[in-house]
Amino acid sequence: MKTTISETLQVQRDFFATQSTKDIAFRREALLRLQKEIIAREDAICDAIYADFKKPHFETLATETQFVLAEIKLVLKKLISWARPKNVSSTWLNFPSTDKIYKEPYGTVLIIAPWNYPFQLALLPLVGAVAAGNTVVIKPSEVTPNTSKTIHSIIKAVFPREHVSVVEGGVEVSQALLKENWDYIFFTGSTKVGQIVYESAAKHLTPVTLELGGKNPCIVDESSSLELAAKRICWGKFLNAGQTCIAPDYILVHQSVKSAFVTALIKMIQEGYGGDIKNSSDYARTVGSSHFNNLKDMLVGEDVLFGGDTDPEDNYISPTLVNEPQLDSKLMQGEIFGPILPILSYESESDIHNIVQNYGKPLATYVFSNRKSFQNKIIQKYSYGGGAINDTVIQVANKRLPFGGVGGSGIGSYHGKTTFELFSHHKPIVHRANWLDVPFRYPPYSLPIKFAKKLKNLL
Ligand code: NAD
């Protein structure tokens with residue numbers, strides 16, 4: 001395995017050295033082939049993800065394939081202008097010069113993907129990495145083997161191995177990949193593994209993007225439009241069976257509206273998935289028995305307000321509402337990453353603070369309120385990756401918004417142009433003209449010190 005990985009990397013390095021990927025037309029052609037292949041295999045991708053965790057086809061189209069196709073479309077439209085060297089103003093001290101920022105590819109990029117959006121989270125960074133002119137090795141998640149195989153077969157059909165290849169496998173394969181000297185590592189996954197990736201990258205001083213998780217609060221105040229809030233929260237929480245890095249993890253609701261809000265949540269779950277949720281074609285499963293068992297354990301001893309139905313044969317957990325869990329309970333210790341929604345009530349803003357501050361900097365925070373001052377207070381007071389006011393999850397849909405965490409929820413951000421920028425080294429070059437050479441900077445220094453003290457005005 002070791003030799004195969006090293007050999008793949010060497011083949012890609014040799015190819016990168018040929019300068020072929022520096023050609024914008026070459027990159028666009030590769031992305032056009034990828035676009036065509038995804039469109040042709042869209043049903044097969046849906047089937048693979050369904051086989052992995054019964055993700056509804058509609059959800060796969062909306063959050064995986066169409067999401068990636070939209071990114072490719074944007075890149076194809078904008079790549080020429082993004083890749084063009086950008087002129088910036090020169091300084092008096094460099095006069096005469098033309099100063100530019102060149103975008104150059106890093107070289108060979110490693111992308112390690114998780115299982116929860118197994119297609120999108122492997123392919124979206126790929127699109128940007130290829131657009132920026134890198135070669136790429138993708139390690140999809142072993143937890144979703146059908147999708148991993150499909151990704152492998154798509155990439156094989158679209159790219160020569162020296163440009164993009166897939167290495168399938170589990171933790172040991174990931175560890176072997178991380179031993180190599182990459183030019184960039186893009187990792188999406190848990191904070192725990194993110195730390196391992198960061199340590200490995202540090203050995204070679206490899207730049208990284210870490211897209212990690214967190215415990216995302218969702219605050220519902222007494223002024224909020226409760227029915228609409230419940231509808232948007234249920235959608236964001238139970239989409240993908242709660243296995244979304246930016247899903248609301250827990251609710252903080254003002255105690256005066258808690259009862260009405262819980263009633264609205266239950267109504268929305270019933271309207272969305274019907275009376276027989278297990279047989280709803282719109283509801284996914286949790287991934288694998290170990291994740292299922294972990295989630296099931298979180299319910300032990302809790303006050304379940306709604307749901308709580310499980311089936312280990314099918315890794316099924318129904319949309320579940322839990323009433324006021326203790327902060328030291330298993331449910332409130334870390335990221336839940338499943339269809340269980342704890343409801344905690346608060347009386348004052350200091351109650352919110354006391355809870356939110358327990359969990360570091362989350363990937364997302366949501367505020368449901370009709371009071372601008374409260375919305376702004378939360379945005380300004382707390383550090384978190386991103387979020388929405390009066391909605392959940394949809395921040396991810398705008399490609400003009402960078403997507404990523406802060407602190408424990410990640411390093412760096414991507415999507416749209418940001419992905420292209422992320423996979424490009426920004427190389428500043430001063431093009432000096434030779435018709436004038438101001439002598440003052442050369443020794444012996446002839447400028448009086450008092451003049452040197454004014455240099456800041458020329459920089
Ligand atoms: P994970 O960290 O267990 O695995 C991610 C990848 O790392 C997999 O490809 C896996 O093979 C590899 N891996 C696992 N253990 C490893 C080790 N010891 N050394 C090296 N590589 C290893 O994450 P997961 O369970 O697949 O995904 C769920 C997590 O990902 C959640 O915490 C979620 O919040 C996070 N996530 C974040 C984002 C984001 O965009 N910020 C998106 C999706 C998921």
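Guide: Here are some cavities and one serine, each set against its definition. It's a predicted model, where local features need pLDDT of at least 70, side-chain atom pairs count only at pLDDT 80 or more, and totals for chains, interfaces and linings use all residues. Residues are numbered from 1 along each chain as its sequence is written, and side-chain values use heavy atoms, leaving out hydrogens and water.

Visitor: Why is S141 called buried?
Guide: Buried means under 20% relative accessible area (1.4 Å probe, protein chains only). S141 comes in at 6%, so it counts as buried.

Visitor: Where does S141 lie?
Guide: In the loop between β4 (135-139) and α6 (145-158).

Visitor: What does S141 touch?
Guide: Leaving aside residues up to four places away in sequence, S141 touches A113, P114, W115 and S148; contact means heavy atoms within 4.5 Å.

Visitor: How many cavities of 30 Å³ or more are there?
Guide: There are 2. A cavity is a set of points on a 1 Å grid over the protein atoms alone where a 1.4 Å probe fits but cannot get out. Volume is the space filled by probe spheres set on the points, and the largest cavity has about 50 Å³.

Visitor: Which residues line the second largest cavity?
Guide: P217, I219, V356, T365, I378, Y382 and Y384, where lining means having an atom within 4 Å of a point.

Visitor: What makes that lining 6 nonpolar and 1 polar?
Guide: Val, Ile, Tyr and Pro are among the types that count as nonpolar, while Asp, Glu, Lys and Arg are charged and the others polar. That's why T365 falls in the polar class, and the lining has no charged residues.

Key: 1 Å grid on protein atoms, 1.4 Å probe; cavity = no way out; pocket = protein on both sides within 12 Å on 5 of 7 lines; lining within 4 Å. Helix = DSSP H or I, 4+ residues; strand = E, 2+ residues; numbered from the N terminus. Buried < 20%, exposed > 50% of the residue type's maximum accessible area, 1.4 Å probe, protein only.
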